Amino acid sequence: MTDAVDAVETPTPRRKPKPAKREIGGRPLKPSTLMMGHGYDPALSEGSLKAPIFLTSTFAFENAAAGKRHFEGITGLREGGAEGLVYSRFNGPNQEILEDRLAVWDGAEDALTFSSGMTAICILMMAYCDQNDVIVHSGPLYAASEGFVAKVLSRFGVTYVDFPAGASREELDAVLAKARAQAEEQGGKVAMIYLESPANPTNALVDVEAVRDARDAAVPDCPIAIDNTFLGPLWSRPLEHGADIVAYSLTKYVGGHSDLVAGSIAGAKKWMDPVRALRNTMGGIVDPNTAWMLLRSLETVELRMQRAGENAAKVCEYLRSHPKVEGLGYLGFIADARQKDIYDRHCLGAGSTFSLFIRGGEAECFRFLDNLTIAKLAVSLGGTETLASHPASMTHLSVPHARKTMLGISDNLVRISIGIEDPDDLIADFEQALEHV
Ligand SMILES: *Cc1c(COP(=O)(O)O)cnc(C)c1O
């Protein structure tokens with residue numbers, strides 16, 4: 001025991017290992033390999049192969065000077081943030097390992113985790129908006145994100161300008177000119193361009209490269225953030241196309257088992273720092289148990305997403321020619337040339353969440369949903385099991401009729417998230433459920 005203690009060079013029982021080797025034979029290790037060990041050294045935890053769950057509210061300092069140094073970092077008196085673990089509202093070993101591994105998937109310098117996707121999005125927006133600022137956002141957004149901008153930030157004098165996903169460079173130039181004028185009139189700035197792609201439930205894609213070019217020309221200091229929940233981290237890498245910050249509901253594909261709620265953001269450290277400072281103040285960091293479950297989920301995220309994507313392609317191939325199906329909103333079958341061009345430049349796969357338009361209306365959709373035997377009737381997406389829901393009467397029930405029509409949320413729309421079951425069983429389930437329509 002004494003020998004082991006003596007062998008540890010740093011007196012702090014810090015879980016951070018020395019920078020691990022992240023390349024082999026001169027090329028970088030792939031994310032799926034790094035998910036098994038990156039950011040964790042068993043030698044710092046009694047040799048435990050897997051990271052233990054660190055249930056503690058606070059961390060012991062090796063001496064008083066170290067405690068002072070940590071707090072200088074936390075409060076911003078010294079650059080570089082905390083050098084160690086301080087207090088569990090700020091950070092913890094499980095959360096730090098998770099953040100290191102999440103950053104790997106997006107090729108980001110830094111990442112932050114939160115108790116839900118909405119906590120991540122709300123703290124992100126609050127960190128960047130001052131009174132009288134303007135947020136520019138694509139539409140539609142996840143309803144709670146849209147509501148936070150329109151109903152909460154507005155109480156603090158923040159206004160917004162929105163534009164339809166799929167807007168062209170010319171349209172984006174006009175949107176940013178309007179936002180600049182609006183900001184000037186209010187005495188504020190354009191604080192953030194916030195995107196969500198593909199939009200739910202339209203599946204319309206945002207041209208992130210065009211947004212970046214328009215931003216560079218009009219508001220070069222303004223960060224571009226994007227909610228990458230639907231296609232990330234596997235099928236879309238927005239930081240490579242000009243976004244500065246990616247946001248996730250980890251509740252969906254990353255968690256992937258419909259058994260937890262969490263969120264994250266990732267990007268360059270300079271973009272993460274203001275958000276970290278606000279999270280330190282407000283709380284909202286993911287808890288250690290959930291962080292541990294997400295570490296387990298990350299080991300299989302590539303396998304699960306690949307299988308779900310393959311399953312969705314097979315199911316959609318079957319559904320597209322079914323006589324009771326009016327159409328599909330699936331990224332694998334894009335007809336529109338502009339949308340197809342964005343897809344080819346930005347996406348590495350079509351995902352496993354799509355819209356199914358059944359011939360008929362609510363009654364026909366309900367008969368279909370009530371007769372599914374494998375697919376479960378629930379909102380959410382990205383889990384191992386297939387889920388189906390009816391947006392018009394469920395997630396989007398409170399959306400005014402005119403806006404529903406504009407967004408294409410019709411009564412004959414069923415939203416489906418395909419899981420990792422056997423694809424032939426899924427097709428057989430959809431087949432028999434459609435027979436009841
Ligand atoms: C679910 C979801 C959110 C919100 O995430 P929570 O983890 O439920 O807070 C945000 N954006 C998108 C696109 C989502 O699907």
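What follows is a dialogue on reading a predicted model of one protein chain.

Me: Where do I start, and how many helices and strands are there in the protein chain?
Reply: Start with the inventory. The protein chain holds 14 helices and 14 strands. The model is predicted, and residues are counted from 1 along the chain.

Me: What does the radius of gyration say about the protein chain?
Reply: The value is set against what a compact globule with the given number of residues would have. The C-alpha trace spans about 75 × 55 × 40 Å along its principal axes.

Me: How much of the protein chain is buried?
Reply: A residue is called buried when its relative accessible area is under 20%. By that cut-off, 51% of the 437 residues are buried. The chain exposes about 19400 Å², and carbon and sulfur atoms supply 55% of that area.

Me: What share of the contacts joins residues 24 or more positions apart?
Reply: Take the contacts with a separation of 6 or more; residues 24 or more positions apart account for 74% of them.

Me: How many positive and negative side chains are there, and how far apart are the centres of the two sets?
Reply: There are 43 positive and 57 negative side chains, with the two centres 2 Å apart.

Me: How do I read the faces of a strand?
Reply: In a regular strand, side chains alternate between the two faces of the sheet. Take strand β9, residues 263–267. G263, I265 and G267 point one way, while S264 and A266 point the other way. All five residues of β9 are buried, and the strand is mostly covered.

Me: Which strands are joined to β9 by bridges?
Reply: Strand β3 (residues 110–114) runs antiparallel to β9, with five bridges between them. One of the pairs is A111 with A266 in β9. Strand β8 (residues 245–249) is also antiparallel to β9 and is joined to it by five bridges. There, S249 has G263 as its bridge partner.

Me: In what order do the five strands of the open sheet stand?
Reply: The order is β10-β11-β14-β13-β12, and the pairing is mixed. β10 (325–329) and β12 (376–377) are at the edges; each has a single partner strand, so one side of each lacks a neighbour in the sheet.

Me: What joins β10 to β11?
Reply: Four bridges do, and the two strands run antiparallel. G329 is opposite S355 in β11.

Me: Why is β14 described as largely enclosed?
Reply: Five of the five residues of β14 (residues 413–417) are buried, so the rest of the structure largely encloses the strand. L413, R415 and S417 are on one side, V414 and I416 on the other, and both faces are covered.

Me: How many bridges does β14 have with β11 and with β13?
Reply: β11 is joined to β14 by five bridges in an antiparallel arrangement, and L356 is opposite V414. β13 (residues 387–389) pairs with β14 over three bridges, also antiparallel. In that pair, S389 is opposite R415.

Conventions:
This is a predicted model: local features need pLDDT of at least 70, side-chain atom pairs count only at pLDDT 80 or more; totals for chains, interfaces and linings use all residues. Side-chain values use heavy atoms; hydrogens and water are left out. The radius of gyration is taken over C-alpha atoms; the globule rule is 2.2 Å times the number of residues to the power 0.38. Buried means under 20% relative accessible area, exposed over 50%, partly exposed in between (1.4 Å probe, protein chains only). Contact means heavy atoms within 4.5 Å. Accessible areas come from the Shrake-Rupley method with a 1.4 Å probe; for residues, only the protein chains shown count as cover. Lys and Arg count as positive and Asp and Glu as negative; His and the chain ends are not counted. The place of a charge is taken as NZ of Lys, CZ of Arg, CG of Asp or CD of Glu. Two strands pair if DSSP finds at least two bridges between them.
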